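Q: I am new to this structure and would like a short walk through it. Could we begin with the overall picture and then turn to the details?

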Amino acid sequence: MSDLIDIRLTVNGVAHEGRAEPRRLLVDFLREDLGLTGTHAGCEHGICGACTVLFNGEAARSCIMLAVQANGAEIRTIEGLTEDGRLHPLQEAFHREHGLQCGFCTPGMLIAALDFLRVNPSPSEEEIREAMSAVICRCTGYRNIVRAVASAAQKMQVKP
Amino acid sequence: MSAARPDRFVGQPILRREDHRLLRGQGQYVADLVLPRMLHAAFVRSPMAHARIKSVDLARAKAVPGVALALAGAELMRLLPPVPDTQLSLPAKWKTTVQHKIHNPQQPLLATDKVRHVGEAIAVILAESRYVAEDAAELVDVELETLPAVIDAEQAVKPGGTLVHEQLGTNVIGEFAIAKGDVEGAMARAPHRLKRRFYHHRYSGVPMECRGVLGVYDQRTDSMTIWSSTQVVHWLRREASGILDLPEGRVRVVAPDVGGGFGVKGHVYPEDLLIPFLARRVGRPVRWIEDRHEHLMCSTHSRDQTHELEVGFDGEGRILAIRDRFIADCGAWNPIGIGVVYNSAVHLTGPYKVDNLAVSARVVSTNKVPSAPYRGAGRPEASFAMERTIDLIAATLGIEPAEIRRRNMIPGSAMPYRIGLPYRDGEPIVYDSGDFPAGLEKAVAAVGGVAAFRERQRAAREKGRYLGLGIGCYTEGTGVGPFEGASVRIEPNGKLHVAGGACAQGQGMETIFAQIVADAWAVKPEDVTIQLADTAGIAIGFGTMASRSTVTLSGAIHYASDKLRKKVLSIAAQLLECAVVDLELRDGGVSIVGVPERRVSLAQVARAARPGWDHGRPAGMDPGLEETHYFEPQTVTWTNATHAAIVEVDIQTGRVKIEKYAIAHDCGVVVNPLLLEGQIVGGAAQGLGGILMEGYTYDAEGQLLTGSLMDYLLPTASDIPDMELIHLESPSPLNPLGVKGVGEGGAIAPPAAIANAICDALAPFKVEFNQTPITPEQIVRAAKQF
């Protein structure tokens with residue numbers, strides 16, 4: 001055990017302060033210290049992607065980052081995806097296309113898709129499959145996830 | 001699929017009610033639950049496959065600040081002498097019909113004398129945080145005396161070798177044999193015979209949420225609440241009540257949102273019982289969340305069967321006899337008995353007419369992770385052996401594999417068809433409905449048909465490209481008993497509340513059962529609350545496994561509703577001053593047939609039914625509007641499917657690209673086509689992962705070589721093709737809705753279909769892949785050898 005380090009960061013637009021051991025994982029800090037349990041830990045070794053958050057605007061796996069690395073960072077988690085309680089077009093598309101079953105990978109899947117569509121707003125199916133392979137889903141067989149991302153991409157382009 | 005009736009909700013692609021919480025990150029999985037003063041558990045697990053425990057020294061661990069308890073097996077044995085488990089055994093009807101022998105070694109909650117697989121728990125630490133608990137676990141000094149590891153099941157059955165359970169005197173912990181017809185004679189007379197060995201490797205469900213359990217003891221009321229990521233809350237309550245010596249009424253088990261199960265969470269694990277026991281002992285809530293490494297080395301594995309199959313057939317490819325002897329490597333323990341292995345035996349011949357059959361099986365203990373059901377539960381192994389055999393017959397005779405299937409399939413006109421063997425519920429197996437040849441034709445047509453494919457294949461080969469068409473068929477007994485329970489209640493506001501013994505892990509049960517209840521009561525699905533996976537909801541329940549919940553819970557809901565409807569109509573008749581026969585349920589109320597404006601709402605009926613003064617019940621009627629029914633299906637109902645795949649095999653890299661994948665599936669009446677497709681595609685993706693990517697491997701010392709997701713490869717979006725689904729709909733005559741189970745089916749046929757497709761693609765190299773998985777390395781070697 002070692003000394004606690006002060007951490008100041010912004011999560012979903014809200015400033016937070018906390019203290020954590022240097023070894024504390026960012027995912028544990030988000031989930032347990034800040035109570036944002038929407039971000040899930042599925043493997044804790046950086047493979048499954050369930051813990052994906054936006055870290056200074058880019059997708060990152062919070063299970064292989066330390067909380068102290070997030071000092072000064074701006075983070076967006078699944079809890080920050082809705083605006084004024086309204087589902088984000090990606091969330092709507094996952095609902096409509098039945099792109100989720102158990103829901104455990106879904107937060108990571110949505111955040112990864114958000115990042116992907118920022119970089120590539122009108123992707124092909126193959127590009128969607130390649131990008132979404134960053135997150136493992138064990139329930140859906142991906143068909144409806146791919147459809148949901150494609151459908152959300154269209155809706156998001158139409159929107160101003 | 002037949003068109004859904006517009007006035008009914010069953011059959012409609014209704015969007016899931018579960019989604020809203022899950023999409024917002026508001027799902028509540030066990031790892032999300034936090035209680036005041038909660039302690040965190042970590043386990044010390046065996047680094048060796050087989051060893052005698054000489055000593056466990058907890059002193060250094062106990063000295064770590066923040067550690068509340070450190071406990072090893074020997075002390076636990078003093079605190080908690082073993083309680084017999086309450087695993088549901090097969091029914092007497094099966095036991096008296098099938099020749100068998102079963103030993104059932106019971107796993108202790110912590111290892112005491114020996115460790116029997118890498119990952120078996122030796123000691124447990126409770127601490128203020130998981131970090132501290134894991135620190136302390138590393139400081140536990142365990143002295144182990146290595147024993148030879150039993151790794152190869154075929155070696156393990158030979159006398160004189162090392163025993164996993166010495167007291168049994170054998171590693172064969174289960175065996176049985178089934179037969180029909182005259183196999184010896186038919187085999188001897190068969191113009192052609194072939195014999196092969198089929199190995200189906202070890203893989204498992206690997207849900208994205210690992211297991212987890214949280215126990216909190218309330219001293220005030222001497223009661224225990226357990227939240228577990230389990231598929232079987234009532235079974236867990238039964239066992240916990242035994243361990244804790246508490247009446248079931250003072251143990252509540254809840255499975256909150258569960259992040260996938262697939263069978264892996266379908267039985268009671270040692271941690272499910274140990275954590276609540278310790279929570280009571282220390283007087284604080286205790287939570288244990290399995291990490292992925294633990295999951296891969298101590299949550300149950302599955303498959304791992306070696307079949308020695310001989311088939312006799314005539315010159316037309318008609319099967320005359322099959323003899324199959326197989327071994328199932330069940331690992332160190334056998335937590336759920338012989339059911340999976342028996343499934344393999346009776347599902348072997350699938351959709352085919354085989355009059356002479358003899359199957360014998362041995363279940364063998366080894367120093368590997370225990371085996372238990374995983375999506376398909378013995379059927380993928382059977383389908384693989386059978387469907388490869390069909391293709392081998394085809395190759396022997398130079399006849400199209402599809403044609404061999406056609407010639408051997410039981411026709412739709414033969415339904416119901418008695419296959420002449422007992423199911424594991426002891427009942428004679430009767431295929432209740434279905435049209436296997438129709439499914440075959442539709443699946444093959446969906447990938448373009450055989451003739452067109454052969455032309456493409458020939459043209460591609462000329463260019464040095466290897467295309468293959470593979471077919472995999474199966475039948476599946478679903479909706480097995482013994483029972484499921486439902487309580488249906490009409491609330492004072494006229495809304496329906498239904499509690500059931502099923503447990504969801506992502507299937508969308510709240511949505512589909514609300515559809516079913518809505519139809520039963522002529523209300524809207526949004527007027528229905530579905531309460532599952534909570535022992536407080538209903539006294540007796542069975543749980544979710546074996547593609548059974550849609551069948552068994554819908555039956556329970558139907559019959560409970562029947563009972564309740566009689567009461568509702570009697571009360572309404574009194575209120576409307578008419579006869580019961582003149583009434584119908586309509587728009588959330590009861591109205592006179594043909595005069596819909598003469599009605600009372602269900603809320604009015606519920607108010608009339610309430611106990612107490614000024615009620616509106618007919619004289620002599622008991623108060624309240626709640627009925628419970630335990631549906632005991634007479635036996636299973638049979639689904640079937642044909643999977644057809646076209647692959648391209650790159651012989652340079654060994655890569656298998658799935659160009660087309662079609663599934664013609666028949667699971668009876670469809671409750672929700674959207675969710676049905678989700679189940680089938682998800683299952684098929686797991687089957688494709690199984691044949692091409694996933695697998696547990698052990699070295700000769702019993703070390704697990706695939707202890708992370710870098711080694712155990714799960715398919716991603718770029719590994720799984722899009723799939724075409726064709727729905728056939730042969731209603732089951734065995735339950736009121738005509739439904740059949742769908743949870744597992746998708747995972748059964750992909751290994752067979754893909755193996756057949758690869759072999760077809762590589763036919764010029766005379767390659768046979770009769771084992772799974774099929775890896776790029778094997779493909780490259782096979783093509784090079786030629």
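**Overall form of chain B**

A: This is a predicted model. Chain B has 786 residues, for which a compact globule would have a radius of gyration near 28 Å; the value for chain B is 27 Å, which agrees.

Q: What box do the C-alpha atoms of chain B fill?
A: Taken along the principal axes, the box is roughly 90 × 75 × 50 Å.

Q: And how many helices and strands does chain B have?
A: Chain B contains 21 helices and 29 strands.

Q: Let us take the strands. What is the order in the open sheet of 4 strands?
A: The order is 19-27-28-29 in chain B, and the pairing is mixed. Strand 19 (466-478) and strand 29 (724-728) of chain B are the edge strands, each pairing on one side only. From one strand to the next, the twist averages 15°.

Q: In which sense do strand 27 and strand 28 of chain B pair?
A: They pair in the antiparallel sense, over 10 bridges; strand 27 covers residues 637-649 of chain B and strand 28 covers residues 656-666. One bridge joins B:A644 to its partner B:A662 in strand 28 of chain B.

Q: What holds paired strands together in general?
A: Strands of a sheet pair through backbone hydrogen bonds, in either a parallel or an antiparallel way.

Q: Which strands does helix 15 of chain B lie across?
A: Helix 15 (residues 450-462) lies across strand 19 and strand 27 of chain B, and runs at about 145° to strand 19.

Q: Now to helix packing. At what angle do helix 19 and helix 20 of chain B cross?
A: The axes of helix 19 (residues 673-692) and helix 20 (residues 750-761) of chain B cross at roughly 50° and come within 8 Å. That angle makes helix 19 of chain B oblique to helix 20 of chain B.

Q: Is that crossing left-handed or right-handed?
A: The crossing of these two helices of chain B is right-handed.

Q: Which residues make the contact?
A: Helix 19 of chain B contributes B:A684, B:G687, B:L688, B:G690, B:I691 and B:L692, while helix 20 of chain B contributes B:P750, B:P751, B:I754 and B:A755. By class, this contact has 8 nonpolar, 2 polar and no charged residues.

Q: Finally, chain A. How many of its residues are in contact with chain B?
A: 41 residues of chain A are in contact with 42 residues of chain B. Helix 2 (89-96), helix 3 (106-119), helix 4 (125-132) and helix 5 (143-158) of chain A each supply at least two residues of the side that touches chain B.

Q: What classes of residue does that side of chain A have?
A: The side of chain A that touches chain B has 18 nonpolar, 16 polar and 7 charged residues.

Definitions and conventions: Residues numbered from 1 in each chain as written. Chains lettered and ligands numbered in written order. Predicted model: local features only at pLDDT ≥ 70, side-chain atom pairs only at ≥ 80, totals over all residues. Axes fitted to C-alpha atoms, helices over the stretch in contact; angles between N-to-C directions. Parallel < 35°, antiparallel > 145°, perpendicular 65-115°, else oblique. Left-handed = near helix turned anticlockwise from the far one by under 90°. Contact = placed C-beta atoms within 7 Å. Nonpolar A, V, L, I, M, F, W, Y, C, P; charged D, E, K, R; others polar. Pairing = 2+ DSSP bridges. Rg over C-alpha atoms; globule rule 2.2 N^0.38 Å.
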